[in-house]
Amino acid sequence: MPDVAVFVFWFCVFIIFYSFGGYGIFLWIVLKLRGLFKKEASSSPKGKIATEPNICILVTAYNESAHVRQKIENSLALDYPKEKLQLIWVTDGSTDDTPDIASTYPQVQVFHEPERRGKAHALTRGMAFVKAPLVVFTDSNTLLSKGTLQAIVREFEDPEIGCVAGEKRIAESNSSGPVASGEGLYWRIESWLKKLDSRFYSTIGAAGEIFAIRTELYSEMEEDTLLDDFILSMRIAMKGYRIAYTEEAWATEFASSNPHEEMKRKVRIAAGAFQAMVRLSELLNPFQYGKLTFQYVSHKVLRWTLAPISLPVLLLSGIYLSFQTSVPGVIIFQSITALQLLFYLIALAGFLLQRKNVQSGWFFAPYYFTLMNYASFPGFIRYSLGKQTVLWEKAQRSDSFHEGFS
């Protein structure tokens, strides 16, 4: 029994380390070694693009009247020729003033239907009206950096690029709420990893806040799709194109207003992750997809499956081994278990502090990490029971954009 526990313990250590840090370190080392023998093509992030093709910005919005004006004005203020910009808003199911406000802008084409059938359906409906060769998807509650479109077009100058993923940033203000600390750190790490992914071969998935595709590569998704941004971008990668990542195209949004709202969002994302793994099951074949399969499993699949399970199993096996004094190296098991208990105590402190709206990244980063992994379990249950719907209740954000935000 102790021998089995030792194997389980070290297996869990490997999975957790590799999923949340080791993979990134591996890519960094490989890229450094590759750079010794092959010089990477350097691209100037602010260099002039060769051409300025027509671009469509497509937004699907549901009851977003609080953000419509700022989003449209932000889109019109982007550094790109206005005559080459098509703006499409699909507002299916909205019961507030979202379609009416958007319609006051002559530059915007608004397509509204009273029935709400989910984002995947709205995207497909909106794509029928796209006239540009490139389409940018972005959320109505995010603001884009001024040079976003220039940066995206620059990446598409490479014919092997079928999708461009931008950078998601979490805005923090005095009213941002405690979740912003943990989510902000998560996205800074994720952005670093996406950058490494892109240099190695292809970024694994795009964030819905800001990404773009070649219009011709769009394929209609199942209407019950939960992670439309991930499914759409990865299916393009499965066609043989690469997903590029550029930090020069970034979108900013506020975090969820509190952990309860963030938990709703994470459970939905977790349910969508299991759905995505089923629908992208062919991508698990390394003989067909090679590098892409390796990156997909390392960056996403392990995080969605074995890593969340390994966390409690590691703790339990560590506690068991800590009392097996006859096991060689018992002090190692005791030390690692003690560090785990300390980590979860800090996470607990973060949970207690957030109830008093006290912000501290030292406490909320461990808390957010724990919450994120815990969400995998109810997410799996909801997906398995078919209880997760595309007509989700939106998570409340901690703040609204204000005039002059950039």
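## Aromatic pairs

The model contains 20 aromatic pairs, where rings of Phe, Tyr and Trp (its six-membered ring) pair if their centres lie within 6.5 Å, planes under 30 degrees apart counting as stacked, over 60 as edge-to-face and the rest as tilted. Phe 9 and Trp 10 form an edge-to-face pair, because their ring centres are 5.2 Å apart and their planes stand at 90°. Phe 9 is buried at a relative accessible area of 0%, whereas Trp 10 is partly exposed at 37%; buried means under 20% relative accessible area, exposed over 50% and partly exposed in between, for a 1.4 Å probe and protein chains only. This is a predicted model, in which local features need pLDDT of at least 70 and side-chain atom pairs count only at pLDDT 80 or more, while totals for chains, interfaces and linings use all residues. Residues are numbered from 1 along each chain as its sequence is written, and side-chain values use heavy atoms, with hydrogens and water left out.

Phe 26 and Phe 294 are also edge-to-face, at 5.8 Å centre to centre with 75° between the planes. Phe 26 belongs to helix 1 (residues 2–37) and Phe 294 to helix 10 (residues 291–304), so this pair ties together parts that are 268 residues apart in sequence; helices (H or I, at least four residues) and strands (E, at least two) are DSSP runs numbered from the N terminus.

## Charges over rings

An open sheet of 8 strands has the order 3-2-1-4-7-6-8-5 with mixed pairing, two strands being paired if DSSP finds at least two bridges between them. Its edges are strand 3 (108–111) and strand 5 (143–144), each of which pairs on one side only. Strand 1 (residues 55–60) runs parallel to strand 4 (residues 134–138) over 4 bridges, with Ile 57 opposite Val 136. Strand 4 is in turn joined to strand 7 by 5 bridges in the antiparallel sense, and strand 7 pairs with strand 6, again antiparallel, over 3 bridges. Phe 211 of strand 7 is the bridge partner of Phe 137 and also of Ala 165.

Because 5 of the 5 residues of strand 7 are buried, this strand is largely enclosed by the rest of the structure. Ile 210, Ala 212 and Arg 214 lie on one side and Phe 211 and Ile 213 on the other. Helix 7 (residues 228–237) packs on the sheet, touching strands 4, 6, 7 and 8, and its direction makes about 35° with that of strand 7; axes are lines fitted to C-alpha atoms, for helices over the stretch in contact, and angles run from 0 to 180 degrees between N-to-C directions.

## Nonpolar cores

A nonpolar core is a set of buried Ala, Val, Leu, Ile, Met, Phe, Trp, Tyr and Cys residues joined through side-chain atoms within 4.5 Å. The largest has 43 residues, of which Leu 58, Phe 137, Ile 213, Phe 230, Met 234 and Tyr 296 touch the most other members, and helix 7 supplies the largest share, 6 residues. A second, separate core of 31 residues includes Tyr 80, Val 153, Phe 156 and Ile 161. Leaving aside residues up to four places away in sequence, Tyr 296 touches residues including Ile 204, Phe 230, Met 234, Leu 280 and Trp 304, contact meaning heavy atoms within 4.5 Å.

## Asn 63 and helix 2

Asn 63 lies in the loop between strand 1 and helix 2 (68–76), and its phi is near 50°, a positive value in a residue other than glycine. Most residues other than glycine have a negative phi. At 23% relative accessibility, Asn 63 is partly exposed.

In helix 2, Val 68, Gln 70, Lys 71, Ile 72, Asn 74 and Ser 75 are buried. The buried residues of this helix pack against strands 1, 2, 3, 4 and 5 and against helix 3 (98–103).
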